[in-house]
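This report concerns one protein model and treats its domains, a pocket and selected salt bridges. The sequence and structure are shown first.

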Amino acid sequence: MHQNRLFNRTRLQLAAWYAGVMGAILGVCGVAVYLHLAETHFEAIAGEIQTLVGSLHDSIEPMLEKPGELHPRVRQILPGLCVGGQLCRPVKTSHIHVLGADYQDPYYVRFTNLSFQTLATVNTPPPPDSAAQGKNWQILTDEKGRRYHQFSMVLTTSAGQPWGYIQVGRSLSGYQRYLASLKVFLLIGLPIAMVSIGGASWWLAGLAMQPVYNSYRQIQQFTADAAHELRTPLAAIQATVETTLGTENLNLIEAQTTLQTITRQNQRLAQLVQDLLMLSRMDLKVLPTKHQNCCLDDLLHDLVEEFAAFAISAKVSLELSIQAQDLYVVGDEEQLYRLVMNLITNAIQYSYPGGTVMLRLLKEDSTAIIQVEDTGVGIETAEQARIFDRFYRVNQDRSRQTGGAGLGLAIAQAIVELHKGSLKVQSQFGKGSIFTLRLPLKT
Ligand code: ADP
C-alpha cells in the first residue's frame, strides 16, 4: 500500500480529517473543562466567603447596640480587630483561625458605617470601590493590581436599627495562579495530544484502508488474469488464421483443420466468458437460483454415468458409494450438478492412470456430505488455501495441459456459499486429495 500513490494520498487525507475532527473535539472539550473548573472554583470561593459572613453576622449582630459603634466583645470573636484605621500589629495567626490566616490567601473583614466609612478591619483589606459600594458582591483591585472577591452584608442593632456593613473578602491570587497552571497544562497537553492523535490517525487510516487496498489488488489481479486467459485462445486463433491465409492453394483438409482449431479455441473462450459471467453474477447476487428439492443420490448417479467415459479415457476407476439414501437438499439442481462436476473433473484430471476416484454420499445429523476422493497428485499444504482463488493453479504448466483456467473451484466455492454449505480439502502431496462438501439437508 505504501508504494501506491493514490492509496497513500487517500490515507493521508483520511488521517488529516480524523486528526482534525478529533483535535477540534478535544479543543472544545479542553475549553469547556477549563471554563467549568474556573467557574466551580470561583463559586467555591464565593460559597466559603458567604458562609463566613453568615457565621460572623450571626455571632456579632446580637452584640451591636448603637449604629456605627462596635462592642468591645467583638474583639473576643475577632482578636486581630484593628479599630479606627490605626496601624495594627500583625496578628497571631492562631487567634484568627476562623479567617484562615494560615492560608496563602487569608480572609479579611471590614466593618463600615452606613455611609461606607471604615470603622474596623481584620487583616488588610483592599481600598474600597466607591462606585460599587451598595452591591453585595464586588471584585476589588488594590494598588499592586491584586484582585479580591468581597461580600457585603447589612448589620442591624439588637433594637432592629441599621448598624452598618460587614464586608468579608479574600484575594483571588491563588485562584488566578490555579487558572494560569490550568492554561499551561492545556496549552502544553493539547499539542502533545494532537501529535499522538495524528500518529494514531495515520495508523487507523492504514487499518481502514487495508481491506479496500486488498480488494483493489484482487480486482487488479483478476483483471490481469482474465486478460491473460482471454489473450491465449485469441492469440491461437490469430496465429492459425495467419498461417492459413499464408498457405497457397489451401486444400479442404487444411481448411477443416484450421476451422476445427478456431472452433476449439472459440469454445474455450466461450466457456471462460460464461464462467466469468457466472462468478460476477454470483458476486452481485443476481444469478437466478432456484429452490428445488434435489435428490443427491440421483445427482451422483447421473454424474457417475456422465463421467464414466471420461474416467475410462483417463484410465481412472470412478466408484460411487451411497452410504445414506434419499438425501434431499433445497437448492438449484443445475448449480449443484456443476459444483460436484467440477470436483469430479479435477479428481479425474489430477489422477495418475490406474488411480481411483471414489465418490461418497453420507449423512451427519442434518447435513449431507459428499466426498470426492482421488489417488492423484495431491496438493501441498501451503497451496490448499489458495486453490479456491480465482485463476489460481498450483502448477501453471501442468494445469495448462488440462486446459483449466483456474476458475473451477472458485465457481464451486461460490455455489456452496449460495447453498449455505461448506467445501474443505484434505490432501497429501503425491498421494491424493479428498474434497468434502457439506450441505444442509431439507427439513
Ligand atoms: P483448473 O481449471 O485449473 O482445474 P480449479 O479451480 O478447478 O482450476 O483448480 C485449481 C487448482 O487446484 C488446479 O489448477 C489444481 O492445481 C488444483 N486441484 C484442484 N483439484 C485437485 C485435485 N483433485 N488434485 C490435485 N490438485 C487439484
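The model is predicted, so local features need pLDDT of at least 70 and side-chain atom pairs count only at pLDDT 80 or more, while totals for chains, interfaces and linings use all residues. Residues are numbered from 1 along each chain as its sequence is written, and side-chain values use heavy atoms, with hydrogens and water left out.

**Domains.** The chain is divided into domain 1 (6-179) and domain 2 (292-440), the bounds coming from an automatic or database domain assignment. Taken over C-alpha atoms, the centres of domain 1 and domain 2 are 89 Å apart.

**Second largest pocket.** A pocket is an open set of points on a 1 Å grid over the protein atoms alone, where a 1.4 Å probe fits, with protein on both sides within 12 Å along at least five of seven lines; lining residues have an atom within 4 Å of a point. The second largest pocket holds about 680 Å³ of space, a volume being the space filled by probe spheres set on the grid points, which are joined across faces, edges and corners. Its lining comprises 20 residues, and those nearest the centre are Gln 218, Phe 222, Phe 388, Asp 389 and Arg 390. At least two lining residues come from each of α3 (173-246), α4 (252-283) and α9 (408-418), where helices are DSSP runs (H or I, at least four residues) and strands likewise (E, at least two), numbered from the N terminus. Helix α3 gives the largest share, six residues. By class, the lining has nine nonpolar, four polar and seven charged residues; Ala, Val, Leu, Ile, Met, Phe, Trp, Tyr, Cys and Pro count as nonpolar, Asp, Glu, Lys and Arg as charged, and the others, Gly among them, as polar.

**Salt bridges.** The structure holds eight salt bridges, each a side-chain nitrogen of Lys or Arg within 4 Å of a carboxyl oxygen of Asp or Glu.

| Pair | N to O distance |
|---|---|
| Arg 170 and Glu 48 | 3.2 Å |
| Asp 142 and Arg 146 | 3.1 Å |
| Arg 390 and Asp 283 | 2.8 Å |

Arg 170 lies in strand β6 (residues 162-171) and Glu 48 in helix α1 (residues 5-60), so their pairing ties together parts 122 residues apart in sequence. Arg 170 is buried at 13% relative accessibility, where buried means under 20% relative accessible area, exposed over 50% and partly exposed in between (1.4 Å probe, protein chains only). Glu 48 is partly exposed at 38%.

Asp 142 is buried at 7%, whereas Arg 146 is partly exposed at 36%.

Arg 390, one of the residues nearest the pocket centre, forms a salt bridge with Asp 283. This pair links distant parts of the chain, 107 residues apart: Arg 390 is in the loop between α7 (381-384) and α8 (396-402), and Asp 283 is in helix α4. Arg 390 is partly exposed at 29%, and Asp 283 is partly exposed at 44%.
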